[in-house]
Amino acid sequence: VSEDTQPVAHCEFPILGRAYFLGGRASTSVKQALTKHGVAEELVQRVCVACYEAEMNVVLHARSGYVAVDIFPDRVALCVVDQGPGIANVELAMTPGWSSASDEARALGFGAGMGLPNIKSQADEMQIESEPDQGVKMWLVFETRANS
Amino acid sequence: VSVTVADVIERLGLQAAAGAEEAGAEVTGAQVCDLLSHVMAQGRTGHVWITIQTHANIIAVAALAKLAAVIIAGGFVPEEETIMRAEEEGVPLLLSGEKAYTLAGQLYEMGVK
């Protein structure tokens, strides 16, 4: 992956914390942007699954946030940033089944502890930075797979 | 044998709450699940998803995972927002008073595997 190229396109979409009923709006916008710029279907699908999980993490846990997308000829980079409680132990949070979601969220079918593992399985690169009581920054890179 | 959403509606006696104009889509498989992340991870283009969740996020998941239709089982009633979102996204939202288990069995008998 070459780091020096400029993105073909850059866009950002806001995410509102606690607004369950709006969850998925940002990911839908990301999907539309990728499709509009001719990103391969297989790549769009992987980005969307990861983006939805990241978006719902913001909705379920944070006050607000946004997702920024950079589209390159050979890859898509996502940056999801939120203002919220942060993740105390990122390694623990990556464990499938581990969750700090509320009972309310779980009753709606969220908070199964599968979000971060799902993101990891879709992305080629994943990096999380978190400050307690500040928020979370997540960087994801998805590369075009030649055989798809 | 190719099965469409319209075939499923007819055979399972479903009520279409939204997205009926997309009922020509081919059904390639199905899943029964109430955990959204699991559907996101396992869902494939053309799958029919049977759930008892009724909130609008099921439509976001269905649209992003390119599912063919969502069936709300057990007589659960979708929220108004869910129906609006399904119309917006063009996702067939189908309702049934039958149990998820029964509906899954009927789908399997139709050749959806």
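I looked up the side chains of B:Glu88 and A:Arg25 and found them joined in a salt bridge, with 2.8 Å from N to O. I take a salt bridge as a side-chain nitrogen of Lys or Arg within 4 Å of a carboxyl oxygen of Asp or Glu. By that rule I get 3 salt bridges across the interface of chain B and chain A.

The model is predicted: local features need pLDDT of at least 70, side-chain atom pairs count only at pLDDT 80 or more, and totals for chains, interfaces and linings use all residues. Residues are numbered from 1 along each chain as its sequence is written, chains are lettered from A in the order in which they are written, and side-chain values use heavy atoms without hydrogens or water.

Next I checked the rest of the interface. I find 21 residues of chain B in contact (heavy atoms within 4.5 Å) with 24 residues of chain A. The buried area is about 1,800 Å², and carbon and sulfur atoms give 49% of it; this is the accessible area (1.4 Å probe) lost on putting the two parts together, summed over both.

Then I turned to the sheet in chain A. I read an open sheet of 5 strands, ordered E1-E2-E3-E5-E4, with antiparallel pairing. Strands are DSSP runs of E, at least two residues, numbered from the N terminus, and two of them pair if DSSP finds at least two bridges between them. The edge strands are E1 (9–16) and E4 (125–131) of chain A. I count 8 bridges between E1(A) and E2 (64–71) of chain A, and A:Ile15 stands opposite A:Gly65 in E2(A).

Conventions: Helix = DSSP H or I, 4+ residues; strand = E, 2+ residues; numbered from the N terminus.
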